[in-house]
Amino acid sequence: MAAPPNFEEGQSTYRPPRFNDQYYGWWKTRMHDFIMAEDSELWGVICDGPFVPTKNLGDPAIAIPRTRKEFNDDDRKAVEKNFRAKKIFVCGIGPDEYNRISAYQSAKEM
């Protein structure tokens, strides 16, 4: 079996592994490890979906999404996790894969 792409060049601990339509299993394992090393909470965002800040209105209380103006610091940090996960995915794929996933709003959809 031939070595996976870029294997001879070594790996980077600062950039996510790049997928080029070959060796998906190898890339997937490396991407998982890269994401976990960056921030283990990102993997939860990828598996479970993004955090959506809500507020309760009415009686009985109904949870509705907050507007961005209503976010507190904790809400902003939690929402940023989805965008950080999306950024890692985008940096680890080529233009063909990007065209397939660029319209998705969450890392889970990607």
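Reader: What makes Val45, Pro50, Gln105, Ser106 and Ala107 contacts of Asn82?

Author: Contact means that heavy atoms lie within 4.5 Å, and Asn82 meets that condition with Val45, Pro50, Gln105, Ser106 and Ala107, once its neighbours within four places in sequence are left aside. This is a predicted model, in which local features need pLDDT of at least 70 and side-chain atom pairs count only at pLDDT 80 or more, whereas totals for chains, interfaces and linings use all residues. Residues are numbered from 1 along each chain as its sequence is written, and side-chain values use heavy atoms, with hydrogens and water left out.

Reader: Why is Asn82 called buried?

Author: A residue is buried under 20% relative accessible area, exposed over 50%, and partly exposed in between, with a 1.4 Å probe and protein chains only. Asn82 has a relative accessible area of 4%, and therefore it is called buried. Its place is in helix α3, where helices (H or I, at least four residues) and strands (E, at least two) are DSSP runs numbered from the N terminus.

Reader: Why does Asp75 count as buried?

Author: The relative accessibility of Asp75 is 7%, so Asp75 counts as buried. Asp75 also lies in helix α3, and, apart from its neighbours within four places in sequence, it is in contact with Phe51, Pro53, Arg66 and Glu70.

Reader: Is Ile101 buried or exposed, and how do you know?

Author: Ile101 is buried, because its relative accessible area is 14%. This residue belongs to helix α4, residues 95-101, and it touches Ile93 and Met110 when residues up to four places away in sequence are not counted. The C-alpha atoms of Ile101 and Val90, which are 11 residues apart along the chain, are separated by 8.8 Å.

Reader: Why is Tyr23 called partly exposed?

Author: Tyr23 has a relative accessible area of 26%, so the label is partly exposed. Tyr23 is in the segment before α1, and its phi is near 55°, a positive value in a residue other than glycine. Asp21 is found in the segment before α1 as well, and although Asp21 is not a glycine, it has a positive phi of about 75°.

Reader: What makes a group of residues a nonpolar core?

Author: The term is used for a set of buried Ala, Val, Leu, Ile, Met, Phe, Trp, Tyr and Cys residues joined through side-chain atoms within 4.5 Å. The largest such core here has 13 residues, of which Met31, Ile35, Ile46, Ile88 and Phe89 touch the most other members. At least two residues of this core come from each of α1 (24-38), α2 (40-48) and α3 (73-91), and α1 gives the most, with four residues. Met31 is in contact with Pro16, Pro17, Ile88, Phe89 and Gly92, leaving aside its neighbours within four places in sequence.

Reader: Which peptide bond is cis, and where is its proline found?

Author: The bond from Asp59 to Pro60 is cis, with omega near 5°, and Pro60 is found in the loop between β1 (54-57) and β2 (62-65).

Reader: How does the radius of gyration of the chain stand against that of a compact globule?

Author: The radius of gyration is taken over C-alpha atoms, and the globule rule is 2.2 Å times the number of residues to the power 0.38. For a compact globule of 110 residues the value would be near 13 Å, but the chain has 17 Å.
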